[in-house]
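Student: Hey, I've never looked at this one before. Can you walk me through the structure?
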Amino acid sequence: MAGAQNAAVGLAMDAVTDRGGTATAEPQIITVLVPETGLQKVLPWREGMTVYTARRAAGLNRPPGPCKIERGDEQLDGTNKALLEPGDVLRFVSP
């Protein structure tokens with residue numbers, strides 16, 4: 001599982017690195033966190049990705065609790081249909 005996660009992050013990094021190895025932009029990833037269980041997943045972001053699709057991609061069949069989207073300095077409510085942006089952090093907390 002960790003190998004697949006590292007490969008996904010590697011692909012996201014390759015997409016933003018020029019041939020000389022210089023980073024050209026922020027990596028196109030999102031992060032899923034469940035502090036209660038210690039789960040941390042880094043996933044490649046894709047157009048149209050929602051909280052629901054990110055949760056499922058992280059292996060969470062059921063939401064462990066309410067979700068907040070951390071986007072820069074903002075905290076947004078993470079409803080299942082909320083669209084994600086590159087760099088978002090999804091933090092699931094106990095109810």
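Student: Okay, how many helices and strands are there in the protein?
Tutor: This is a predicted model, to begin with. The protein has two helices and five strands.
Student: And what pattern do they follow along the sequence?
Tutor: Reading along the sequence, you get α-β-β-α-β-β-β.
Student: How much of the protein counts as buried?
Tutor: The protein has 95 residues, and 33% of them count as buried.
Student: Let's go inside, then. Which residues of the largest nonpolar core touch the most other members?
Tutor: That core has 16 residues, and the ones touching the most other members are Ile-30, Val-32, Val-51, Ala-54, Leu-84, Leu-90 and Phe-92.
Student: Which elements give two or more residues to this core?
Tutor: Strand S1 (29-34), helix H2 (51-57), S3 and S5 do. S1 gives the largest share, three residues.
Student: Pick one of those core residues. Where is Leu-90 found?
Tutor: Leu-90 sits in strand S5, which covers residues 89-92.
Student: Why does Leu-90 count as buried?
Tutor: Because its relative accessibility is 0%, and buried means under 20%.
Student: What does Leu-90 touch, leaving out residues up to four places away in sequence?
Tutor: Its contacts include Val-32, Val-51, Ala-54, Ile-69 and Leu-84. Ile-69 is 21 residues from Leu-90 along the chain, yet their C-alpha atoms are separated by 4.8 Å.
Student: What share of the protein's contacts with a separation of 6 or more comes from residues 24 or more positions apart?
Tutor: Those residues account for 49% of such contacts.
Student: What does the side chain of Arg-71 reach?
Tutor: It reaches the backbone oxygen of Leu-83, at 3.2 Å.
Student: And which residues does Arg-71 touch, skipping those up to four places away in sequence?
Tutor: Arg-71 touches Leu-76, Leu-83, Leu-84, Glu-85 and Asp-88.

Technical notes:
Residues are numbered from 1 along each chain as its sequence is written. This is a predicted model: local features need pLDDT of at least 70, side-chain atom pairs count only at pLDDT 80 or more; totals for chains, interfaces and linings use all residues. Side-chain values use heavy atoms; hydrogens and water are left out. A polar contact is a pair of N or O atoms within 3.5 Å; within protein, one must be able to donate a hydrogen and the other to accept it, and residues adjacent in sequence count only if both atoms are side-chain atoms. Contact means heavy atoms within 4.5 Å. Helices (H or I, at least four residues) and strands (E, at least two) are DSSP runs, numbered from the N terminus. Buried means under 20% relative accessible area, exposed over 50%, partly exposed in between (1.4 Å probe, protein chains only). A nonpolar core is a set of buried Ala, Val, Leu, Ile, Met, Phe, Trp, Tyr and Cys residues joined through side-chain atoms within 4.5 Å.
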